[in-house]
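Colleague: I would like to go through this model with you. Could we start with how the elements are named, and then move on to the details?

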Amino acid sequence: MLKILIAIATLPALLLMLLIYKKDAPKKEPIGQLAKAFALGVASIFPALGIELLLSALMPEGLSALEASCYDAFVVAALTEECCKMAALLLAVRKCRDFDEYFDGIVYSAFVALGFATFENFTYILGAGDLFSLMTTGLARGILAVPAHFLFGVTMGYFFAHYRFSAHLRGLNIMLALLLPVLLHGTYDALLMYSDTLSDDTAEGSLLHLAIFVLFMAFDVLMWLWGLNRIKRLRQLSIEQHPEPQNPFTNRTFPL
């Protein structure tokens, strides 16, 4: 049972970390630095939980179901968690000499985000109860929640890299590194949270449920397209930033 729990909780994050590690070019980051980023992502969940409890207690009274869902999604969850992950990212790359390429921004941010997502996965799966609930919860979160945290991390890392290595619009880039993940995270959570408040007892409720599901799936696909495009663009920038030296003995134009 314990082995099943560990596998379900960690496998999605491990696969995504392997994906981003294989994409890292032209120079791989040290495993020790990546482990540090992952550990800081795990640690960031503890202050996040404390702040979320406080913000939940401060929720204004008299909110509609939609307003309460948006408060929970954008203020309690998204703003708190992305701020804590940003703090973890700053600690991970502080005095890190290996952070010397554009793509490193995505690598370190993704590892921080997946550290957070992995520990969060454990908390949800542990509360699932029986084995069937554990499996369904783990499967749903492995397909949706963990990749979502990964994509929030990719977005944060993309703009953080531009803040770090580009001389232009540094202030805007560091703001976007936080604000865009918050908007993506908040929208993702708000759609799910509001959907949970709806009843299927009426035709109107069922139709609204279906509309939100379609909107959520479209939003998830768009996040993946955006994220994969950011990965491709930043990887190319890193290759241009540090091109591999040519071997003169394999260069056809090298005079003999």
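Modeller: Helices are DSSP runs of H or I with at least four residues, numbered from the N terminus. In that numbering, Leu169 belongs to the loop between α6 (131–165) and α7 (170–197). Please keep in mind that this is a predicted model.

Colleague: How many helices and strands does the protein chain have?

Modeller: The protein chain has eight helices and zero strands. Its pattern along the sequence reads α-α-α-α-α-α-α-α.

Colleague: And what does the C-alpha trace span along its principal axes?

Modeller: The span of the C-alpha trace is about 80 × 45 × 35 Å. As for burial, 43% of the 256 residues in the protein chain count as buried.

Colleague: Back to Leu169, then. What is its phi?

Modeller: The phi of Leu169 is near 55 degrees, which is a positive value in a residue other than glycine. Most residues other than glycine have a negative phi. Leu169 counts as exposed because its relative accessibility is 59%.

Colleague: What about phi of Lys95?

Modeller: Lys95 also has a positive phi, near 60 degrees, and is likewise not a glycine. Its place is the loop between α4 and α5. With a relative accessible area of 73%, Lys95 is exposed.

Colleague: Changing topic: how many salt bridges does the structure hold?

Modeller: There are four salt bridges in the structure. As a general point, side chains of opposite charge can pair when their charged atoms come close.

Colleague: Which residues are linked in a network of salt bridges?

Modeller: The network links Lys27, Glu29 and Asp100.

Colleague: Is Glu29 buried or exposed?

Modeller: Glu29 is buried, because its relative accessibility is 1%. Lys27, at 32% relative accessibility, counts as partly exposed. Asp100 also counts as partly exposed, with a relative accessibility of 25%.

Colleague: Moving on, which salt bridge does Lys85 form?

Modeller: The side chain of Lys85 meets that of Glu82 in a salt bridge, with an N to O distance of 2.9 Å. The two residues are separated by about one helical turn, because they are three residues apart in helix α4. Both Glu82 and Lys85 are buried.

Colleague: Which side chain does Asn121 contact?

Modeller: A polar contact of 2.6 Å joins the side chain of Asn121 to that of Arg141. Asn121 is in helix α5.

Colleague: Why does Asn121 count as buried?

Modeller: Asn121 counts as buried because its relative accessibility is 0%, and the cut-off for buried is under 20%.

Colleague: Let us turn to the surface. Which residues gather in a patch of positive charge?

Modeller: The patch of positive charge is formed by Lys22, Lys23, Lys28 and Arg235. Among them, Lys23 is in helix α1, which covers residues 2–23. Lys23 counts as partly exposed, because its relative accessibility is 38%.

Colleague: And which residues form a nonpolar patch on the surface?

Modeller: That patch consists of Leu207, Leu210, Phe213, Val214 and Met217, and together they have about 500 Å² of accessible area. Leu207 is located in helix α8, residues 203–241. At 59% relative accessibility, Leu207 counts as exposed.

Colleague: One last point. How far apart are Gly62 and Arg170?

Modeller: In space, Gly62 and Arg170 are 41 Å apart from C-alpha to C-alpha, and in sequence they are 108 residues apart. Gly62 lies in the loop between α3 (45–57) and α4. With a relative accessible area of 80%, Gly62 is exposed.

Note on methods
Residues are numbered from 1 along each chain as its sequence is written. This is a predicted model: local features need pLDDT of at least 70, side-chain atom pairs count only at pLDDT 80 or more; totals for chains, interfaces and linings use all residues. Side-chain values use heavy atoms; hydrogens and water are left out. Patches are made of residues with over 30% relative accessible area and no salt bridge: like charges are joined within 9 Å, nonpolar side chains (Val, Leu, Ile, Met, Phe, Trp, Tyr) within 5 Å. Accessible areas come from the Shrake-Rupley method with a 1.4 Å probe; for residues, only the protein chains shown count as cover. Lys and Arg count as positive and Asp and Glu as negative; His and the chain ends are not counted. The place of a charge is taken as NZ of Lys, CZ of Arg, CG of Asp or CD of Glu. Buried means under 20% relative accessible area, exposed over 50%, partly exposed in between (1.4 Å probe, protein chains only). A polar contact is a pair of N or O atoms within 3.5 Å; within protein, one must be able to donate a hydrogen and the other to accept it, and residues adjacent in sequence count only if both atoms are side-chain atoms.
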